[in-house]
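Open the model in a viewer and keep the selection panel at hand. The stops below go from the whole chain to single residues.

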Amino acid sequence: PVCSMGNSTSRLYSALAKTLSSSAVSQHQDCLEELDSARLDPIDPKDLLEECQIVLQKRPPRFQRDFVDLRKNADSNHRPIRVMQWNILAQALGEGKDNFVQCPMEALKWEERKCLILEEILAYKPDILCLQEVDHYFDTFQPLLSRLGYQCTFFPKPWSPCLDVEQNNGPDGCALFFLKERFELINSANIRLTAMKLKTNQVAIAQTLKCNETGRLFCIAVTHLKARTGWERFRSAQGCDLLQNLKSITQGAKIPLIICGDFNAEPTEEVYREFSNSSLNLNSAYKLLSPDGQSEPPYTTWKIRPSGECRHTLDYIWYSQHALNVNSALDLLTEEQIGPNRLPSFNYPSDHLSLVCDFSFNQDPDRLL
């Protein structure tokens, strides 16, 4: 059943009411993959944002974050491509497994938390959206984002920990969304990552898109590597497997590449070095916010669990530095904004911060390879 969105007769409520219930999702997943979004009325993003704000009116206002201009030369003639990376926190894990000891359960209510997530997405208007820990794909993100003009792809984990939680909404996984008016899908690959030749529970999606404005091809990938301390070698093996797949898909970096993900790895880990030193000539976009352009942010996730406070840099947007420029990047929340109880909170729906970058194509990429 669809939950009420408050007293007002809400366009968001009616949009959600037209989608199938959670129980139908598990029974009819194959049919839902084929859901024809063309038959659903488009939604005006401003209307949806307004409806989210009505639902959230008792919560504190959204944090303000600014874009930092990173352009080194004159503007490109073309509109930049805005890419958003975000581990949104699976609802089942937030409520049932993650033990955010300073976060009231009230702050995690899905009826409101989904509006906080949507509000964040609508505020930054990404052309491409890469999400991890998505467990409400079929009943929330696919129906709504398809009506906002996105083409949507979801690849669940084979054995999602969400399924251990009572009253879960199915498995979590990675999801990739791109605006159909800006890009054409050329090729799509769902990748189940291997480690030491064994299939693992972690996945990736890689799609080759054609930019309608420039005619240029590029590849966008989203992944979520294995969590926890003690699994560093495992993550390294998963990273190597993903890089091998991407080398094949991009014909050895002939096609520019953007990789978004929660790598569950600090910059000191081997998997980070593998991406930094790859023959695909990758750089991490958020390093460009540091004074020397060489240091990652101090954190992309900050939470308090029973074991103590966890403040780590785990989330990245990698890109082909020979073929793409980073025009700007969204600054992170400050410690003061995050507050003493850390994340998630009534202000912010996830324990991970969203990362957002604007990219443009280099005019002569081959020269720099």
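Buried means under 20% relative accessible area, exposed over 50%, and partly exposed in between, with a 1.4 Å probe and protein chains only. This is a predicted model, in which local features need pLDDT of at least 70 and side-chain atom pairs count only at pLDDT 80 or more, while totals for chains, interfaces and linings use all residues. Residues are numbered from 1 along each chain as its sequence is written, and side-chain values use heavy atoms, with hydrogens and water left out.

**Whole chain**

Start with the cartoon. The protein chain has 10 helices and 15 strands; these are DSSP runs numbered from the N terminus, H or I of at least four residues for helices and E of at least two for strands. Of the 369 residues in the protein chain, 57% are buried. A contact means heavy atoms within 4.5 Å. Among contacts with a separation of 6 or more, 77% are between residues 24 or more positions apart.

**Nonpolar cores**

Next, select Ile128, Phe177, Ile220 and Phe359. These residues have the most contacts inside the largest nonpolar core, which has 72 residues. Such a core is a set of buried Ala, Val, Leu, Ile, Met, Phe, Trp, Tyr and Cys residues joined through side-chain atoms within 4.5 Å. Helix α6, residues 110–124, gives the most to this core, with 8 residues. Another core lies apart from it and has 25 residues, including Cys219, Phe263, Ala265 and Val271.

Stay on Phe359 and show its surroundings. Beyond its neighbours within four places in sequence, Phe359 is in contact with residues including Pro80, Ile81, Val83, Ile258 and Ala285. Tyr319, Leu324 and Val326 are also among the contacts of Phe359.

**Leu209**

Move to strand β7, where Leu209 is placed. Leu209 counts as buried because its relative accessibility is 0%. Setting aside neighbours within four places in sequence, its contacts include Ile128, Phe178, Phe183, Leu217 and Ile220. Draw a distance from Leu209 to Ile255: the C-alpha atoms are 9.9 Å apart, and the two residues are 46 apart in sequence.

**Cysteines**

Select the cysteine sulfurs. How many disulfides does the structure hold? The count is 0, where a disulfide is a pair of cysteine sulfur atoms within 2.5 Å. The sulfur closest to that of Cys115 belongs to Cys52 and is 4.3 Å away, so it is too far for a bond. For Cys174, also in no disulfide, the nearest cysteine sulfur is that of Cys130, 8.8 Å away. Cys115 is buried at 0% relative accessibility, and Cys174 is buried with a relative accessible area of 2%.

**The largest pocket**

Show the surface and centre on Lys226, Ala227, Arg228, Asn264 and Arg305. Of the 32 residues lining the largest pocket, these are the closest to its centre. The volume of this pocket is about 800 Å³. Pockets and cavities are found on a 1 Å grid over the protein atoms alone: a cavity is a set of points where a 1.4 Å probe fits but cannot get out, a pocket is an open set with protein on both sides within 12 Å along at least five of seven lines, and lining residues have an atom within 4 Å of a point. Grid points are joined across faces, edges and corners, and a volume is the space filled by probe spheres set on the points.

Colour β7 (198–211), α8 (232–249), β11 (301–305) and β12 (308–312), the elements that give two or more residues to the lining of the largest pocket. The largest share, 3 residues, comes from α8. By class, the lining has 10 nonpolar, 8 polar and 14 charged residues. Here Ala, Val, Leu, Ile, Met, Phe, Trp, Tyr, Cys and Pro count as nonpolar, Asp, Glu, Lys and Arg as charged, and the others, Gly among them, as polar.

**The cavity**

There is 1 cavity of 30 Å³ or more, and the largest cavity has a volume of about 60 Å³. To find it, select its lining: Arg62, Phe63, Arg65, Leu116, Glu119, Glu120, Leu333, Asn347, Tyr348 and Pro349. This lining divides into 5 nonpolar, 1 polar and 4 charged residues.

**Backbone details**

Finish in the loops. Between α10 (335–338) and β15 (355–361) lies Pro344, joined to Leu343 by a cis peptide bond with omega of about -10°. Arg342 is found in the loop between α10 and β15, and its phi is positive, near 60°, in a residue other than glycine. Arg342 is buried at 9% relative accessibility.

Last, select Gln167, in the loop between β4 (150–156) and β5 (173–179). Gln167 has a positive phi of about 55° although it is not a glycine. Is Gln167 buried or exposed? At 84% relative accessibility, Gln167 counts as exposed.
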